[in-house]
Amino acid sequence: MSQTSPPKTPPGDRIAKVIARAGLASRREAERLIEAGRVKVNGKVIDRAALNVTPKDKIEVDGRLLDAPEPPRLWLYHKPTGLVTTTRDEQGRETIFDALPEDLPRVMSVGRLDLNSEGLLLLTNDGGIKRKLELPSTGWVRKYKVRLKGRPKDETFAPLRKGLEIDGERFQPMQVTLDRQQGANAWITVAIREGKNREIRRAMEAVGLQVNRLIRLSYGPFQLGQLKAGEVLEIRPRVLRDQLGLEDEKAQAVPQKPNKVRRRRR
C-alpha cells in the first residue's frame with residue numbers, strides 16, 4: 001500500500017516575519033496589520049498571516065512598498081527618567097522616540113521601562129530580535145539598582161526570594177541583596193527573569209517598602225556600563241551574532257564599529 005507523502009512547505013518565510021524583519025512592526029503587530037486588511041501581496045489584500053512569501057513577492061503595507069530588510073542591529077540606550085516607552089502617548093508626554101538621536105534608523109524597544117525608571121533599554125530594528133529577547137522562555141536576567149525609602153532588614157526580602165502572589169498574579173523568586181543604608185534610604189540590587197509590568201515596584205510595596213529610584217543595570221549579557229543618560233551605543237556585530245545566534249552573513253552586513261551618540265538637545 002502506497003503512502004501519501006506529506007505536503008511540501010511553501011518556499012519563503014511567513015509574511016508577518018518578513019514585515020517584522022523589515023523593522024516596520026513586531027511580528028504580533030504585523031499580524032494585526034494583516035487582519036485589518038492593511039497589507040497587500042502582489043497587489044492583492046491579504047487577510048491571513050499563514051502565508052509564505054519570497055523576495056520575488058511585492059509586499060505593501062498601508063500602500064507603501066516594503067523595503068528589503070536591513071541587517072539586524074541592536075543598540076543599548078540609557079533611558080532617562082521622565083520619558084515613556086511608547087511610540088505615542090495619549091497624555092502628550094515625551095517618549096523615548098522623541099528624544100533619540102536623529103541619525104538613528106527606525107527602532108523598536110525591547111520591553112519597557114516606566115516613566116520614573118531609568119537605565120538600560122535595548123533598541124532594535126528587527127522585529128524577530130525584539131520577540132526573541134522578550135520571550136519568557138529566554139529567561140535572561142535583568143539586574144537593577146533600587147533605592148528604597150526606609151530601613152529594611154535582610155529578612156524583609158525573604159518573601160520576594162521565595163516568590164509571591166500579588167492581586168492574583170504570581171511573581172517568580174527574585175534575587176535581592178541589601179547593599180547599604182544611606183540616610184533615610186536603602187540601596188539594594190535586584191535580579192529578575194520575567195520583567196512583568198512594574199514588577200519590582202509592586203513587589204516592594206507588598207513588603208511595605210516604597211521605591212524612589214530604579215535603575216536597570218543589565219539585560220542578559222548586555223550591560224549599561226558607563227553609558228550616560230540619553231546616550232546610545234550600538235552592539236558590535238560579532239557580539240550580536242554570538243549572543244543571539246544570528247547567521248554570519250546577516251551580522252557581517254552591519255558596520256563593524258559601534259556608534260555612540262548623545263541624546264539630541266530639545
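Reader: Where in the chain is Asn-42, and what makes that place a loop between strands?
Author: Asn-42 sits in the loop between strand S2 (39-41) and strand S3 (44-45). Strands here are DSSP runs of E, at least two residues, and helices are runs of H or I, at least four, both numbered from the N terminus. This is a predicted model, where local features need pLDDT of at least 70, side-chain atom pairs count only at pLDDT 80 or more, and totals for chains, interfaces and linings use all residues. Residues are numbered from 1 along each chain as its sequence is written, and side-chain values use heavy atoms, with hydrogens and water left out.

Reader: Why is Asn-42 called partly exposed?
Author: Its relative accessible area is 45%. Buried means under 20%, exposed over 50% and partly exposed in between (1.4 Å probe, protein chains only), so Asn-42 lands in the middle class. Its phi is also positive, near 55°, in a residue other than glycine.

Reader: And what makes Asp-167 count as exposed?
Author: Asp-167 has 77% relative accessibility, so it clears the cut-off for exposed. Asp-167 lies in the loop between strand S11 (164-166) and strand S12 (169-171), with a positive phi near 50°.

Reader: What makes the aromatic pair of Trp-140 and Phe-222 edge-to-face?
Author: The search of the whole structure turns up 1 aromatic pair. The ring centres of Trp-140 and Phe-222 are 6.0 Å apart and the planes stand at 75°, so edge-to-face it is. Rings of Phe, Tyr and Trp (its six-membered ring) pair with centres within 6.5 Å; planes under 30 degrees apart are stacked, over 60 edge-to-face, the rest tilted. The two sit 82 residues apart, Trp-140 in the loop between helix H4 (127-134) and strand S10 (142-149), Phe-222 in strand S16 (residues 222-223). Both are buried.

Reader: How do you know that Asp-114 forms a salt bridge with Arg-201?
Author: Their closest N and O atoms are 3.1 Å apart. A salt bridge takes a side-chain nitrogen of Lys or Arg within 4 Å of a carboxyl oxygen of Asp or Glu, so the pair qualifies. Asp-114 is partly exposed at 25%, whereas Arg-201 is buried at 11%.

Reader: What puts the buried residues on the same side of H7?
Author: In helix H7 (residues 237-244) they are Pro-237, Leu-240, Arg-241 and Leu-244. They cover an arc of only 100° around the axis, which puts them on the same side; the arc is taken from directions from the helix axis to the C-beta atoms. The face turned away carries exposed Arg-238 and Asp-242.
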